[in-house]
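This report describes the fold of a single protein chain.

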Amino acid sequence: MNYEIYTLPVIEAFQNKSSCPLCILKNKTETALLKYYLGDSIMNPETRMEVNRCGFCPEHNKKLLAGDNKNGLAIMQNSILLELFPRLKKQAEEIKSTLKRKSLFSKNLQKAKTSLMTSILSRPQNCLICRAMREDEKRYAETAAYLFNKNPDFKKLPGETGFCLPHLAGLLDFSAPAGSAETEYILCLLDCLIKLTEKHLENSGCFIRKFDYRNTDKPWNGAQNALPEITDFLGGNY
Ligand SMILES: [Zn+2]
Ligand SMILES: [Zn+2]
């Protein structure tokens with residue numbers, strides 16, 4: 001992989017020490033993809049075919065709906081339905097005719113139902129935006145590992161960063177491009193994991209103690225935003 005293409009956005013995201021850098025990058029990718037699918041790509045026959053075939057998950061359908069191109073979305077939805085309708089109709093007819101045959105062959109009924117269900121239920125699982133975001137996440141995680149080995153200025157950044165737990169797991173998973181520095185990189189990520197979990201645990205305890213009237217005047221010690229911060233830490237902020 002040519003890591004050089006991704007180094008600049010990765011360095012910039014890691015320099016922002018207040019949020020998880022992988023969440024920052026993931027949000028940027030998602031915004032760009034939503035814009036792409038609601039933009040001129042609607043008129044691109046290849047993209048339309050891909051959208052017709054794969055579709056989007058419920059979350060990205062809602063985000064597309066909240067976008068600012070209603071005409072584009074209407075064209076996209078019309079194209080999806082035009083492709084879907086004959087297939088669903090055919091599969092529904094197949095179930096009906098199996099039922100009419102008074103199914104001595106219940107296997108045939110199940111097979112016909114499964115075909116219809118697959119046509120419907122596979123679409124959210126194949127979400128084009130989710131898939132592209134996963135691919136980008138992997139590339140960014142690999143680039144971070146690569147930079148840890150190659151860029152001395154980058155090396156100190158992971159230790160100063162507020163990762164979320166899912167992305168710490170992702171960085172550990174794709175640590176191989178750190179090459180000769182892989183052991184050091186993994187140890188650095190594990191230190192982050194322990195340090196951040198401990199910090200959020202302390203803040204969580206402090207937040208609960210503040211509900212006790214005897215502690216009203218005691219300082220927050222940085223725990224006033226514990227709820228949203230721990231929510232982001234546990235599940236990511238994207
Ligand atoms: Zn994250
Ligand atoms: Zn999705």
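## Burial and overall dimensions

Of the 238 residues in the chain, 22% are buried. A residue counts as buried if 20 or more other C-beta atoms lie within 10 Å of its own, as exposed if 12 or fewer do, and as partly exposed in between, with C-beta atoms placed from the backbone. This is a predicted model, in which local features need pLDDT of at least 70 and side-chain atom pairs count only at pLDDT 80 or more, while totals for chains, interfaces and linings use all residues. Residues are numbered from 1 along each chain as its sequence is written, and chains are lettered from A and ligands numbered from 1 in the order in which they are written.

The chain has a radius of gyration of 24 Å, whereas a compact globule of 238 residues would have one near 18 Å. This radius is taken over C-alpha atoms, and the globule rule is 2.2 Å times the number of residues to the power 0.38. Along the principal axes, the C-alpha atoms fill a box of roughly 75 × 55 × 40 Å.

## Secondary structure and contacts

The chain contains 11 helices and 0 strands. Helices (H or I, at least four residues) and strands (E, at least two) are DSSP runs, numbered from the N terminus.

Two residues are in contact if their C-beta atoms, placed from the backbone, lie within 7 Å. Among contacts between residues at least 6 apart in sequence, 76% join residues at least 24 apart.

Helix H1 covers residues 4-15; its 12 residues reach 17 Å from the first C-alpha to the last, close to the 16 Å expected at 1.5 Å a residue. The expected span is 1.5 Å times one less than the number of residues. Val 10, Ala 13 and Phe 14 are buried in H1. Seen down the helix axis, the buried residues of H1 fall within an arc of 95°, so they line one face; the arc is that of the directions from the axis to the C-beta atoms. Glu 4 and Leu 8 are exposed on the other side of H1. The packing partners of the buried H1 residues are H2 (21-38), H7 (128-150) and H8 (152-155).

Helix H2 has 18 residues and reaches 26 Å, close to the expected 26 Å. Its buried residues include Pro 21, Cys 23, Lys 26, Thr 29 and Leu 33. They pack against H1, H4 (58-65), H5 (70-100), H7 and H9 (165-173).

## Nonpolar cores

A nonpolar core is a set of buried Ala, Val, Leu, Ile, Met, Phe, Trp, Tyr and Cys residues joined through C-beta atoms within 7 Å. The largest one has 26 residues, of which Ala 144 and Ala 145 touch the most other members. H1, H2, H7, H9 and H10 (182-209) each give two or more residues to this core, and H7 gives the most, with 7 residues.

Leaving aside residues up to four places away in sequence, Ala 145 touches Phe 174, Ser 175, Ala 176, Pro 177, Ala 178 and Tyr 185. A second, separate core of 5 residues includes Leu 33, Tyr 37, Leu 38 and Ile 129.

Phe 207 is in helix H10 and counts as partly exposed because it has 18 C-beta neighbours inside 10 Å. Apart from residues up to four places away in sequence, Phe 207 touches Ala 223, Ala 226 and Leu 227.

Leu 234 is in helix H11, residues 226-235. Leu 234 has 12 C-beta neighbours inside 10 Å and therefore counts as exposed. Between Leu 234 and Arg 53, 181 residues apart in sequence, the C-alpha to C-alpha distance is 33 Å.
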